[in-house]
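Subject: Structure handover

Hello,

Please find the structure below.

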Amino acid sequence: MQTQAKVVIIGGGVMGCSLAYHLCKEGWRDVVLLEKAELTSGSTWHAAGQITHSVSHYGLAKMAAYGTELYPRLEAETGQSCTWHGCGSLRVAYEDAEVDWLHYTLSVGRGLGHEMEIIGPERIRELHPFYNLEGIKAALHTPHDGHVDPAGVAFGLAAGARQTGAKVIRNNRVTGLSAQANGEWVVQTEQFDIICEMVVNAGGTYARQIGQWVGLDLPIANLLHHYLITEPVPEFQALATELPVVRDDRQVSGYIRMEQKSGLIGIYEKADATTVWDDGTPWEAENELFEPDFDRIMPWLENAMERMPVFAELGIKRVVHGAITHPPDGNMLLGPSGLRNLWLCCGSQVGIAWGPGAGKYLAQWMVHGAADISMASFDPRRFGAKIDETYRIEKAKEDYLLRHEIPFPHLDRPVCRPSNSKTTPLYEGLKARGAVYQDIYGWERPYWYATNGVPQEHIHAFRRTELHGIVGAEVNGLRACAGLADLSAFAKLEIHGRDAVGFLKRVSSNRLPQKTGSVSLTYLVNPNGRIEGESTFVRLSEDRFYAVYAAAKEASLLNWMEEQRQEDEQIFFENVSEAYGVLMIAGPESRSILGACTEAALDNQSFRWLSAQHITVAGVEKVRALRVTYTGELGWELHVPMHAMRSVYDALVAAGEPRGMVHIGSAALNAMRMEKGYKSGHELTNEVTLAEAEVLRFARDGGFQGAAASLAPAEKWKLVCLRLEEPSAEQPLADPLGSESVWAGDACVGSVSSGGFGYGIGGYLAWAYVRPDFAAPGTSLSVMTLGYLRAATVLAGPVWDAENARLRADTRLAAE
Ligand SMILES: Cc1cc2nc3c(=O)[nH]c(=O)nc-3n(C[C@H](O)[C@H](O)[C@H](O)COP(=O)(O)OP(=O)(O)OC[C@H]3O[C@@H](n4cnc5c(N)ncnc54)[C@H](O)[C@@H]3O)c2cc1C
């Protein structure tokens, strides 16, 4: 009987088995995996088993590639066959936007060293003589893709884990969890209790129920998905090699491949997505399948037959209709749950493809405190919307329906918005002015303002659209006069208590603001020297600070700080994110506009750059005014008690509009921060150190945790800002979106983290992590953008107001 362990993993599907295997690889041996029935008896056993490199999300692309590398060698390592079929695959495109997506994926994939090419119909015909190519423009060929026996994979990973020391216990259900005061957990099972340091919920469709035992409301629901196997295909009998898997997003909304000498068709219908077990998966369910629902998939099945005429006359031999978990945004839940020492490894909709990488990087995070890739997109604490039954189910359905849609940049997922979002009192008024909102940690934040008859909806494309001009007008309006933005989504935290100063000195890199009312920008650093987050700190009193940081990190950074607190430290965290709205007013006229709404003195002597004061604006008292903005212009962030937002806003508009003040969204803000050389959450991830992120001027020489590692010269990569040449006449009018590969001649030397058009300089700017030997200012590089190499040069510094004259609004500027 097992009574003690370092880690207990609940669930023996591909996710749990992969985590056990990789925890052992990272050096932990005292790992116990508990499965209520036989391994793989949840969703895993009935998966179609495909895995592809055709992924444009940087982290997922790395995970998928790792799977294709692990599977072919798993049998040799563990003795357990997982029947790897390395047949490659094709993702076909009918529309120009799909072709753009393939080019984007190619740039990301090539940067990661993945072999892939975009091919035309002739080459597709050679690789797959049976596919009806009518209307197909191109395909992404990924020759190292394949498919596996999913059960074999889970058994192989479990065998590997066992061989390295883990215990795998089957037929013993976990029945409860209780947290101990010392941070340990008691895992109750049908047969015995286990006390452990950490628990991982890898319960697949049961993960939500397991979470409920300890008060977690995991946003996942179970969607039903079909694949079908035809009778043997006569035309396949003589084939010497297996045909590549075809992914046809437009016509089939799914995948088609050979299953031995039969055909296999998987369909993600684009309507009537169906959930199951909304109130909980029955504990006695094992290897559960559902009756086929042909009505739901019929249009797509007919299309599949049209695309594969050799299937048309054949009967269907077998139908698999099973449940898969889907979270609201489609990404797995991998990481800390928010409860001490309870981790999540669930919410996986393509666990066979992503499971190996998920296990590998989660194991790194658990063992070393950080993974080798940014886990922000998978962090279970990333959801800020109100999670109720409707949200959980309808968002999961939305995700299912998007599975075979083009993942456009800034793809808007409209379901349950704004019903489950956080909005400010300005929501309706700004919408009436044309605000096009984006979802950011469950907040509705204006992204841009639709003007001149442009419809008020998200514009999705991989190329420049009319948005380019609209955002440019917002930037120019702010720089010419002033701009007003609702930035209430910022996370806001008060940190106070006897030990607040000592704590913050330990976990953050910069000098703390010394005097009450002073402000500093700092980085939260983990013991490995990697960046956990960037925050503005305002000193409110001797032992009280106000931290303002990226919306997306609200819960995760707070949770991280709570975990950094030592037992004897007296320190309190108060999340005031919803108590304060934020109005940013910036631009050369911002002082006079704000001045018209307040008695407070706003001149440089009375209100210094990088300082904060409580002021009264439009009769609203105790507005926290911070003289900082992300625009690089003179300006203030006004942190206004939420209930009083309208009063302050109305006053600013009344004073500002006659002078020419404009409303701006976060797209314009992004453009301005690029010219100013400011970094964002895309650059500042826990993959990198302070030295790698080039933020050493915000770091003391030492005296904070992880300092030695964080300050050490960058060896692996370094952040640079690139200025790209404008596309030539034959190149598509498109800009990097993030994750594209960066090249020096034939060598890939890095990848883009984020970018934006510099309207002041008339050129595109991109942050990129590159090999340090290519980081010197002036180095010529190129960025692979929609199939073309765009020439780029490493910049020496910000291209806009490098002296901060506009920010300081000093007399030189006034005299100009
Ligand atoms: C028809 C279909 C086709 C698919 N095709 C593919 C594909 O081609 N490629 C791909 O990558 N993915 C595919 N998938 C998705 C894939 O099956 C899932 O993403 C994956 O299996 C999820 O693995 P998991 O480990 O999270 O969950 P599961 O496999 O469900 O594992 C969870 C395990 O936890 C156990 N458990 C739960 N609660 C407890 C408890 N209290 N105590 C002990 N044990 C417990 C369960 O018994 C179960 O074995 C497909 C899915 C379906 C339905």
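Which residue in E30 is the bridge partner of Val617? The partner is Val620.

First, the basis. This is a predicted model, in which local features need pLDDT of at least 70 and side-chain atom pairs count only at pLDDT 80 or more, while totals for chains, interfaces and linings use all residues. Residues are numbered from 1 along each chain as its sequence is written, and side-chain values use heavy atoms, with hydrogens and water left out.

The sheet: E29 pairs with strand E30 (residues 620-626) in the antiparallel sense over 5 bridges. Strands are DSSP runs of E of at least two residues, and helices are runs of H or I of at least four, numbered from the N terminus; two strands pair if DSSP finds at least two bridges between them. The open sheet has 6 strands in the order E29-E30-E31-E28-E22-E32, with mixed pairing. E29 (612-617) and E32 (662-663) are at the edges with a single partner strand each, so one side of each has no neighbour in the sheet.

The ligand: 40 residues surround it, the closest being Glu35, Ser43, Thr44, Ser348 and Gly351 (a residue counts if one of its heavy atoms lies within 4 Å). E17 (316-326) gives the most to this shell, with 4 residues. A polar side-chain atom of Thr44 is 2.5 Å from a ligand oxygen atom, and a backbone N or O atom of Ala353 is 2.8 Å from a ligand oxygen atom (polar contacts are pairs of N or O atoms within 3.5 Å).

Regards

Definitions and conventions: A polar contact is a pair of N or O atoms within 3.5 Å; within protein, one must be able to donate a hydrogen and the other to accept it, and residues adjacent in sequence count only if both atoms are side-chain atoms.
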